[in-house]
Amino acid sequence: MKTFVCIKYVPDTSEAEVKLNPDGLTVDDSRFSFDINDADNYAVEESVLIKEAQGGEVTVLSIGPKKSEVMIRMAMAKGCDKATRIEDDRMADYDPLMVAKVLAGGIKGQEFDLVLTGCMANDDWHMTTGVALAEELGVKHASMVNKVELLDGKVKVHRELEGGLLEVVEVELPAVLTIQTGINEPRYAPIRGIRQAQKKELNVVSLDDIGVDPASVNADASQVVLEKLYIPEMESTAEFIEGEPEEKAEKLAAILHKGGLV
Amino acid sequence: MGNVLVLAEHRQGALRDVSFEMLAVAPGVAEGMGGEVVVLLLGSSLDDMAKKMTEYGHKVMVLDDPAFENFNGEKYQMALSAIIDDLKPAVLMTGHTAQGVDFMPALAVEKKLPLVSDVVELNYEGDVLKATRQLYSGKVNAVVAFKPADTYLVTFREGAVEAPEASAAGEVEKMDSPLKEDVPYRKFVEYIEAEVGDVDITQSEILVAIGRGLKEDKNLPEIEALAETIKADLAGSRAATDAGWIPHDRQVGTSGKAVKPKLYIALGISGAFQHLAGMKGAKTIVAVNKDPEAPIFTVADYAIVDDMFKVLPKLTEKLKELK
Ligand SMILES: Cc1cc2nc3c(=O)[nH]c(=O)nc-3n(C[C@H](O)[C@H](O)[C@H](O)COP(=O)(O)OP(=O)(O)OC[C@H]3O[C@@H](n4cnc5c(N)ncnc54)[C@H](O)[C@@H]3O)c2cc1C
Ligand SMILES: Cc1cc2nc3c(=O)[nH]c(=O)nc-3n(C[C@H](O)[C@H](O)[C@H](O)COP(=O)(O)OP(=O)(O)OC[C@H]3O[C@@H](n4cnc5c(N)ncnc54)[C@H](O)[C@@H]3O)c2cc1C
């Protein structure tokens, strides 16, 4: 089994205050901590599980800055064999279809059975890249996958639908699967793996190196334009309970009790 | 011609809410573009659903073919590709759902058309179609403008707007199926219903729900103590079920359960829209989160901005006392 796994380096904004840069088109990400996208962490684990069961090789593919190599090395520490990092500032900055084209460039010309992506990036929320990538590669796909079973020449997967209903489908290989969180239990990188990962091959390439014409993926090629970003006003009608933590607890308990809620 | 084609989504014989919700948005866009709203239904045995969709005053085009009995992303892509060539709609809108996201990106690549996904607002202003979408856990909104194209593709978020009231009757028009027989399509095997566990949280009166803010399962006993005190059942966000802190059937949200307890206490849950969709129907919502900007506060009735572990022990103690 030859597998590619696409991983994205994303900021953790769940606890952080988000501020825009003065251009109104970018987010000030200087204070965020970055790590592998949630779903991609599960995709990495799935790719390693497949390799452990079937043999073969896993290649990590990521578009991102130099500092994301920490994440890439971590994926290799968990068992991925090698990696390609694409960095090029000529690509469009806000279009998953362009990202898919660049990722396809990083795969085309090499043999593969499976490409795993996350089903959604936690920062930009498009849920678009993986399925677009399949079309760019001219192969089959299934999205929102939370179980993978390899059969002869095909793969049987569970697609997770709204309400937790599962749709079981069979897809011919090669294929792109977009992996949903919860599909497995991502491992921690073993110390030995971390040491070995430092010696694994990590190629840094530009668009030219992977044979992607910059004019086909730049801002002119993209058919959408990011017009502006803004911080939506938080409309809350909640009663914010104030005080020291213990006071807040007491006040809330009293409210719940008085309101007959408990 | 400026028509807005809305793909009505259905599953296991029932129309999905997003099909109606899109009809709150499509007419404004169609009017701006000088066209009409046309509803499209793909499937098999569609008479009842087609009738239901006509109740909003728009033409409903029906492609009834047994090959569409179950959703199949590849077949949808093939059919819609042919339909775009045939009808040349200005906009094709589908739900941003497990169906929509499974074929719209591929369709966009195939037809070299622009796509904006997970749209929550769609406007046609000064000859430009503009879509609003969210980023960064809902803390930032982006307005994305389409460059001129023959057809704009949009996947629209379920639950972003309210469905309109039924109005006038529209007509039904049948279409021929463009499917070719000999293509080896992805094979549908079966549906598996969501697991049922020991507690049905859709029936719970009080839910204490945990999120990633729990940090580790060794913190669970504190939550259980609170739940026990107020006779609540435990539930949680996807992050909590993915981490294995609570069973899968206790997950609240779009890919879990929609709950409507009289009291919902959200602890360390950010309030991603997929989560809010499952719990905003609760009668009273209490949220404890240390981030004052957490979207969960937009649906809360009572809010505490603080570290939940500093609040919890006293809360449980006080509630015990008051019993
Ligand atoms: C203001 C702004 C500026 C941006 N500038 C840039 C920029 O300069 N350069 C840039 O590359 N992106 C940039 N982005 C991000 C880019 O727009 C998105 O990554 C892209 O649209 C894909 O959408 P998504 O991340 O939501 O992925 P989704 O469609 O949700 O798909 C997610 C999956 O796709 C794969 N994937 C997505 N991105 C990558 C990646 N980079 N490497 C490997 N796999 C990936 C992963 O498997 C991931 O799980 C910017 C975003 C914003 C909001
Ligand atoms: C197709 C799809 C379907 C999905 N379906 C669902 C679904 O059904 N249900 C669902 O919940 N999610 C769903 N998700 C995931 C969703 O997008 C979010 O990732 C998830 O809801 C986040 O869970 P969370 O709020 O627990 O974690 P986070 O977003 O990481 O938030 C953790 C919160 O805890 C707070 N916190 C941390 N420590 C403390 C502390 N000590 N005290 C107080 N607060 C603290 C932080 O400020 C933060 O706000 C789905 C995603 C996809 C792609």
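A salt bridge is a side-chain nitrogen of Lys or Arg within 4 Å of a carboxyl oxygen of Asp or Glu. The model is predicted, and local features need pLDDT of at least 70, side-chain atom pairs count only at pLDDT 80 or more, and totals for chains, interfaces and linings use all residues. Residues are numbered from 1 along each chain as its sequence is written, chains are lettered from A and ligands numbered from 1 in the order in which they are written, and side-chain values use heavy atoms, with hydrogens and water left out.

**First stop: the interface of the two chains**

Colour chain A and chain B separately. How many salt bridges are there between chain B and chain A? The count is 11. To see one of them, select D306(B) and K248(A), which form a salt bridge whose closest N and O atoms are 2.8 Å apart. Side chains of opposite charge can pair when their charged atoms come close.

Polar contacts (pairs of N or O atoms within 3.5 Å; within protein, one atom must be able to donate a hydrogen and the other to accept it, and residues adjacent in sequence count only if both atoms are side-chain atoms) join 47 residue pairs between chain B and chain A, both residues being at pLDDT 80 or more. On the side of chain B that touches chain A there are 45 nonpolar, 16 polar and 30 charged residues. In these classes, Ala, Val, Leu, Ile, Met, Phe, Trp, Tyr, Cys and Pro count as nonpolar, Asp, Glu, Lys and Arg as charged, and the others, Gly among them, as polar.

Next, display the whole interface. With contact meaning heavy atoms within 4.5 Å, 91 residues of chain B are in contact with 83 residues of chain A. The two chains bury about 7800 Å² between them, 58% of it on carbon and sulfur atoms; buried area is the accessible area (1.4 Å probe) that two parts lose on being put together, summed over both. Select Y136(B), K147(B) and R186(B): these supply 9% of the area that chain B buries against chain A, more than any other three residues.

**Second stop: ligand 1**

Centre the view on ligand 1, which lies between chains A and B. Its shell, taken as residues with a heavy atom within 4 Å, holds 28 residues, and the closest are C6(A), K8(A), D40(A), T128(A) and T129(A). A polar side-chain atom of K8(A) is 2.5 Å from an oxygen atom of the ligand. The backbone also takes part: an N or O atom of I63(A) lies 2.9 Å from a nitrogen atom of ligand 1, and a polar backbone atom of P96(A) is 3.2 Å from an oxygen atom of ligand 1. Taken alone, ligand 1 exposes 920 Å², of which the protein buries 88%; accessible areas come from the Shrake-Rupley method with a 1.4 Å probe, and for residues only the protein chains shown count as cover.

Highlight β4 (57-63), α3 (96-107) and β6 (114-118) of chain A, each of which supplies at least two residues of this shell. Helices (H or I, at least four residues) and strands (E, at least two) are DSSP runs, numbered from the N terminus. The shell around ligand 1 comprises 16 nonpolar, 7 polar and 5 charged residues.

Which residues of its shell of 32 are the closest? They are S237(B), V252(B), S255(B), S270(B) and N289(B). A polar side-chain atom of S270(B) is 2.6 Å from an oxygen atom of ligand 2, and a side-chain N or O atom of Q274(B) is 2.7 Å from an oxygen atom of ligand 2. The protein covers 93% of the 980 Å² of accessible area that ligand 2 has on its own. By class, its shell has 9 nonpolar, 15 polar and 8 charged residues.

**Last stop: local details**

Select R85(A) and E69(A), whose side chains meet in a salt bridge (2.9 Å, N to O). R85(A) lies in strand β5 (residues 82-86) and E69(A) in helix α2 (residues 69-77) of chain A, so the pair ties together parts that are 16 residues apart in sequence.

Finally, select P174(A), in the loop between β9 (166-172) and β10 (175-179) of chain A. The peptide bond from L173(A) to P174(A) is cis, with omega near -5°.
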